[in-house]
Every structure is written in structure tokens, then in C-alpha cells.
Amino acid sequence: MGSTKLNKLIGKVIWGIYITVLVVVLWMIFFMLFFHSFFKGVTLEFPPQGFTLENYTSITNQFYPALRISLLLGLATGVFNSILGIPAAYALTRYEFIGKNLINTFLLGPTMVPAISLALGFLAFYPQWGMMDSFWGLLFALSIVTMPYMLRSVMSAFNELDTALEEAAQTLGASRLKTFFLITLPLIGPGVMAGFLLTFIIAFNEFTMIIFVYGPKWLPASVWLWNMLHMYGITPGFAAAVAIMQLVSFAMLFILVRVIGRRYLQGVAF
Amino acid sequence: MPTKRKRWLNIVIPLAPIIVFYLIFLVYPIAALGYHSFVVGEGGQFGLQNYLETFAKAGFRRTLGHTLLIAGSATLFDLLLGYPAAYYLARRQNWIADLMQLSLLIPLYGGLYVAFAFMLVLLPNGFLNSVLIWLGLIEKPLSLLYTRPTLIAAFGIYGLPFMVYPLRAAIQGIDPALEEAARTLGASGWQVLRQILLPMSTIGVIGGVLLNFGWNVAIFSIPLVLSFKGAPFLSLDIYFSTRYNIRWSYVATLSTILFAITFGLSYLYMTLVKPARSNTA
């Protein structure tokens, strides 16, 4: 009996080490740069000469305009995806029709296409359409890669919704449109919020789709980061900019997981 | 039959805008590139000449081989690293599982950040070398950053969720009673893994490998930051070919090859693995 107890203990220790290493490595992606953003000095140096908050103010002029563009694009993409995605999710969950599976697969299609191929395609026709370096050009590029996440979240919300509530409203004389806005929409709210937040997080951080079609007028933060790294290497100011990007993303992720609920993370999984 | 026509409209009106949007911004760009890759010369005839020319180049074959090698190694790395994580997520529901799930979301949107973190840790004057020198374990900084194992690890961490989610779904479909029964009858942990878990989660392993490899092949941001001379990638080749004087027939061919790999593997997953999984679960 003693040996089985020992085996169990060894098993527990191995599990503990494995989980700790995995979680630490994944969080390191965030914490290394966050930690570095407080270093004094202008070059990469361990151990640091000291700690300071100055790095967050010294990048004001260059980084914050780019950050503003990314925030705007993230929010606009969320709104645009809601407008196109909610009705589509409604039709796909409420009705049975020929070709439904095909349309369903088609609408989740952007996850099956490499972003680099899609971005190259955009580069081929955006100049002719005058959409290089424009708000709408970037918005459409971000929307196409985030739409599947919006659709999955909203569809799972519609699937969980009790249709009896809608039927009751219509029996009592509400029109179809009125039922949708007063009954259905509030009830699928969490699913829409989850889709909106996922869209925001991905659009806010997207890099591949943007680097082919951005320009000096519309230069989002992710591309700004790459340009900085390319020119100056890793500096504390750069680390501060990355830390801000990640803190914004974490805030959204936290709302998604804690406030709206973990079940809507199904939108992420395949 | 007014009600019948109305039902028809109820389906078409909500779906039409999104389908038009997809046709313009998803189908058209991909199809246009595919078309360009098959057009030969000025006359506009169709042919496989662009592909034959591309494959005839030793440089392209090396790039393709290297891309597949790194992507494949990262998939293997993810399978080994991700299986225990998937098992834990499938079987436990506690705060550790919550934390793990949240952690897995970090790489999902931030390929660029994964690359930055690797850079900061592994640079000659970076975190790891400084700590090792301070501890007196090494005298000169190790050159760890621009190496293939680093590329594989960075790819692996970025693509980990695409391995863990299909595996978790497959393991969730296995009745825990089977493991307990085997345990009661005296099977060791290794035997349970070999004889129960692995055979019954084969569909998850296949699904994870398809999704993960398809994703790895086309990663762009990580090689852009972490790649070095002698480590070519298809995605980088596409990007740098667009910087000056684009030869559309060439980049369209490269992009269509990449598209075919990723789309083919994802489509296999969608049509074979996913339905099989929902039947058993």
C-alpha cells in the first residue's frame, strides 16, 4: 500500500510542475514586457538601473494616436459585426432550409483561410477601389476575420433561448420586429456582448490583415509596434506600449470571462 | 400562399447582407489570387506553368520544406504539451482549470506579443542570459534567440489552443467510469493512457493535428520578428515580395499554395472530425 501512496504523490507533483510551467510560460508573454516597461534607461539592461513610470508618458505623442485608431477600429468592427451577424445568426438558428449547413460552413469560413492569403488578396484590389489607408478598408479587413467569432457566440445564445417567450409576445399582439427588439435582443444580450468583446480583442490586436493595407493616415497600434521594433529594437518605451495593448485586451477578456460567463468562450473553440 | 412567401423572405433578408459582404471580401480576394496563379503570360491562357516554374526553383522548395518542417515540429510539440492540458480541462472544474483556460486565450490574439516576449527573454542581453550570468552558470551570453528550437517553441505556444480544444472535446466524450474501472483493476497511469485514453481520443488527436498544422503553416507575425537568415517561410516570402515591384503571378501562386494547405486541412477537420465527434459525444 505504501508504494501506491508514493505513486500518487509523485503523480501529484508531476501534475503540479506541468501546470505551473504551462501557466507561467503563457503569462510570461504578458509579464515580461509589463515588468520591463517600468525600467529606467533607454536600452535593454538587466538588472535595471531603477524603476520609473516615465516610459508611459514619454510615448504620448507617438503611440497614443495609433492606440486611438486601434480602439476606434475595434469598437467599429464590433458594431459592424453585430449589425451583420445578429440577423444572420437568427436566421441560421430559427429556420430549417435547404443549404443551411452549407451557408453555416461558409459563414465560419474565414477561420479556414490563412490571414496572409486574404491580406494579399486585399492588397490586389484595394488600390483600385481607393480603399488603401482608409477607415472602411481597415474595418472590412478586420470584420471578415472576426465575423465567425461573433456568429458563434450569438448562435449559441439563440440556441439557448426559450422560443416560448417570443411566441407569447406575438400571441399577445406584438409584431415580429417589436418582438425581436423588446424580447429576443435583451435575452441574447450576453451572447452579443461576448461576440462583441471577442471581435474587439481580435480586431484590436490584429496585425497580419493590417500590415498589407495600412498607411500613414490610418496606422493602428499593432503596426506601430512592429515599426518601432524594426527601427529601435526593444526599449522600455516600446515595452510600455505593448503593456498598454495587453492591459486593454485583458480588461476585455476579464469582462468576458467573469461578467458574461465562461460558456460563451465556446465562441473561441472549434 | 402569403405565409409561405413571408417565411422565405424571413430567411433571405437577414442572410443576404452578410453573404454579399463575404462574397466581396472573402471569396473575391481568394478567387482573384487563384485566378492569377493559373493565368499564363500576356494572352491570358490558363495553365499550370506558374506552379511548375515555382516548384522548379530550388529556393522555393527550400522555403516550402522549411515552413513544413517548423510547422510540423510545432504541431508535435503542441501534441505532447497540450494533451495533459486537454485532459485536465476535460476532467477538472476548479480554479486551476479556470486559470489554465484563461491562460490559453493569451496567445490566441497576440502572435506579435509571443514573439516580443521570446525576444526580450532570449536576447544576448535579455532576461535569461542576464540571470544565468548573474548566477555564474555561464560566462558569455548564449545565442538562443535566432535558432530553430526558439521558432518551434514560439509557434507551439501561439498555436496551442488549436490543439487543446479538439483534444479536450474528444476526452470529454470518454466516460470517466472506464478509467476508474481500469484503475480499480490495477492498471497504472501509463496503461490507462495507452489502452484507454489514447485509443478513444484518436479523433481528437487527428482533429488537433489538422487544425494546429493548418494554422502553423500560415503564421506570419512570429517569423517576421523571430526568423533569421537560413530560416525562410512562405508567409515571409509573400510579404517581402510585395515590398517592391510585385510580380503578381508569383505571389498569387505562393498564396494559393498556402491557402490550399490551410483550407484543405481545416475542411477535412470540419467535414470528417467534427461530425464524428458530435456523434460520439
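Here is a short walk through this predicted model, from the contact between its chains to a pair of helices and then to the nonpolar core.

Let's start where the two chains meet. Chain A brings 64 residues to the contact, and chain B brings 63. On the side of chain A that touches chain B, the elements giving two or more residues are α1 (2-36), α3 (60-94), α4 (100-107), α5 (115-129), α6 (135-160), α9 (189-205), α11 (221-232) and α12 (236-260) of chain A. The largest share of that side comes from α1(A), with 14 residues.

Two packed helices are described by the angle between their axes and the distance between the axes. For α3(A) and α6(A), the axes come within 7 Å and cross at roughly 45°. Angles from 65 to 115 degrees count as roughly perpendicular and those under 35 as roughly parallel, so α3(A) is oblique to α6(A). The crossing of α3(A) past α6(A) is right-handed. Where α3(A) and α6(A) touch, the residues comprise 17 nonpolar, 8 polar and no charged.

Finally, look at the largest nonpolar core, which has 160 residues. Its largest share, 16 residues, comes from helix α7 (residues 148-172) of chain B. Which residues have the most contacts inside this core? They are V242(A), V114(B), A117(B), A154(B) and F155(B). Take V114(B) as your guide: leaving aside residues up to four places away in sequence, V114(B) touches I29(A) from chain A, along with P107(B), A154(B), I157(B), Y158(B) and I222(B).

Terms used. Residues numbered from 1 in each chain as written. Chains lettered and ligands numbered in written order. Predicted model: local features only at pLDDT ≥ 70, side-chain atom pairs only at ≥ 80, totals over all residues. Contact = placed C-beta atoms within 7 Å. Helix = DSSP H or I, 4+ residues; strand = E, 2+ residues; numbered from the N terminus. Axes fitted to C-alpha atoms, helices over the stretch in contact; angles between N-to-C directions. Parallel < 35°, antiparallel > 145°, perpendicular 65-115°, else oblique. Left-handed = near helix turned anticlockwise from the far one by under 90°. Nonpolar A, V, L, I, M, F, W, Y, C, P; charged D, E, K, R; others polar. Core = buried A, V, L, I, M, F, W, Y, C linked by C-beta atoms within 7 Å. Buried ≥ 20, exposed ≤ 12 C-beta atoms within 10 Å, placed from the backbone.
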